[in-house]
Amino acid sequence: MLAIEAIETLDREHLSSLTVLTGEDLGQFSQLKEALLRRIGFEPSDLTVSYFDLRETDFETVAIDLESLPFFAEDKLVILDHLSDVTTAKKRVLSDEDLKRLEAYLEAPIETTKVILLAPGKLDSKRRLVKLLKRDGQLFEASEPKEADLRQYFKKQVQVLGLEVDAASFEALLVKSHFDFSQTSQNLALLKAYKGSGQVSQADIDLAIPKSLQDNIFDLTQLVLAGKVDLARELVRDLRLQGEDEVKLIAIMLNQLRLFLQLRLLQDQGKGENQLGSALSDILGRSVNPYQVKYALRDSRQVPTQRLQKAIKCLIETDYQIKSGLNDKAYLFEVALLKIVG
């Protein structure tokens, strides 16, 4: 079950004594936070609820509220927002003494007080306080969902919104959203606003959901590799009109081409498709989205390795020439496109 589905089953009466919301997917985290506050009926004017933004509130005030008994009802709720100190983020909002005092409270909490901790980011498992949160708290994490869970959740959301989406159109929605939870949520909202209700076609998706910069540069990369220089130059002109800079375009194109080449080299080493994601993650030192690997393989299959190497070398040289002020950057970029096509 996804975190958003679990949160939708909550209510204030049956809320755990300690609830922790965290996660690296900040878009999804924002949605989870909104859902959590809605499910508990949060109102700023509610005297039985204390909300503290730890970036702006002195912890002494927070501690007094935590350690005091309820006054307006039999129990109370305390919400501590932006608790970055329990994550791997470098920015801190509490002193060491503050953290010790919070830890001491959580070790021996007041039974009539329920606490919600909101900590966007990755929990720092080395911290003793984090171990305490994991041991005693009900944890909801905004993390990348498995493909099956993502599909199941959004198929339900499509029905809830009164839309009818066939298999091909649903796949197009996920691909256009890069299989990202928060991006899919946003795009589905755009689709609902555009269509209202009823049957949704792939044409509806193309019209309702604007292309991202990544999408446009992916198209640009494909046009260049396919030798369609006139269409590529036309797309570059459009991107310039949108305020995009050649250096930025080169950086994103290089990321895409390097991914294509890295996957090709791993395949040459005998790595199967199911092994490529983990192997690439090990090389890059970060988690690589498996859908990114899947579609990169599909889109680079017909491109020779030497052509990928040539394109990468050309873009690196052009990036250096632009930053060295050798010539006008628009001119240098167009020359690079012609060299890659040629």
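Select S50 to start. S50 sits in strand β2, residues 49-53. Helices here are DSSP runs of H or I with at least four residues, strands are runs of E with at least two, and both are numbered from the N terminus. The model is predicted: local features need pLDDT of at least 70, side-chain atom pairs count only at pLDDT 80 or more, and totals for chains, interfaces and linings use all residues. Residues are numbered from 1 along each chain as its sequence is written, and side-chain values use heavy atoms, with hydrogens and water left out.

Stay on S50. Its relative accessible area is 15%, so S50 is buried. The classes are buried under 20% relative accessible area, exposed over 50%, and partly exposed in between, with a 1.4 Å probe and protein chains only. Now show the side chain of D65. The S50 and D65 side chains make a polar contact at 3.0 Å. A polar contact is a pair of N or O atoms within 3.5 Å; within protein, one must be able to donate a hydrogen and the other to accept it, and residues adjacent in sequence count only if both atoms are side-chain atoms. Contact means heavy atoms within 4.5 Å.

Next, colour residues 20-142. UniProt, in an unreviewed entry, lists "domain: DNA polymerase III delta N-terminal" there. UniProt positions follow the numbering used here, feature names are shortened, and annotations may be inferred rather than shown by experiment. This span is 36% helix and 22% strand, and its end C-alpha atoms lie 11 Å apart.

Go to H82, in the loop between β3 (76-81) and α4 (96-107). Its phi is near 60°, a positive value in a residue other than glycine. Most residues other than glycine have a negative phi.

Jump to K176 in helix α7. K176 counts as buried, at 14% relative accessibility. Display N187, I205, D206, I209, P210 and D215; K176 touches these, not counting residues up to four places away in sequence. Then pick H178, in the loop between α7 (167-176) and α8 (181-195). H178 also has a positive phi, near 60°. Its relative accessible area is 40%, so H178 is partly exposed.

Colour residues 214-340 now. The unreviewed UniProt entry gives "domain: DNA polymerase III delta subunit-like C-terminal" for this range. The chain here is 80% helix and 0% strand, with end C-alpha atoms 20 Å apart.

Which residues touch the most other members of the largest nonpolar core? Select I217, L220, L257, L263, L308, L315 and F333, out of 40 residues in that core. A nonpolar core is a set of buried Ala, Val, Leu, Ile, Met, Phe, Trp, Tyr and Cys residues joined through side-chain atoms within 4.5 Å. Helix α12 gives the most to this core, with eleven residues. Centre on L220. Beyond four places in sequence, L220 contacts A232, L235, V236, M253 and F333. A second, separate core has 39 residues, including F29, A35, V49 and V158.

Finish on α16, residues 329-341. Its 13 residues should span 18 Å at 1.5 Å a residue, and the end C-alpha atoms are 18 Å apart, which agrees. The expected span is 1.5 Å times one less than the number of residues. At the N-terminal end, D328 is the cap: a side-chain oxygen lies 3.2 Å from the backbone nitrogen of A330. Show the buried residues of α16: L332, F333, E334, A336, L337 and I340. They pack against α10 (213-225), α11 (229-241), α12 (246-268) and α15 (305-323).
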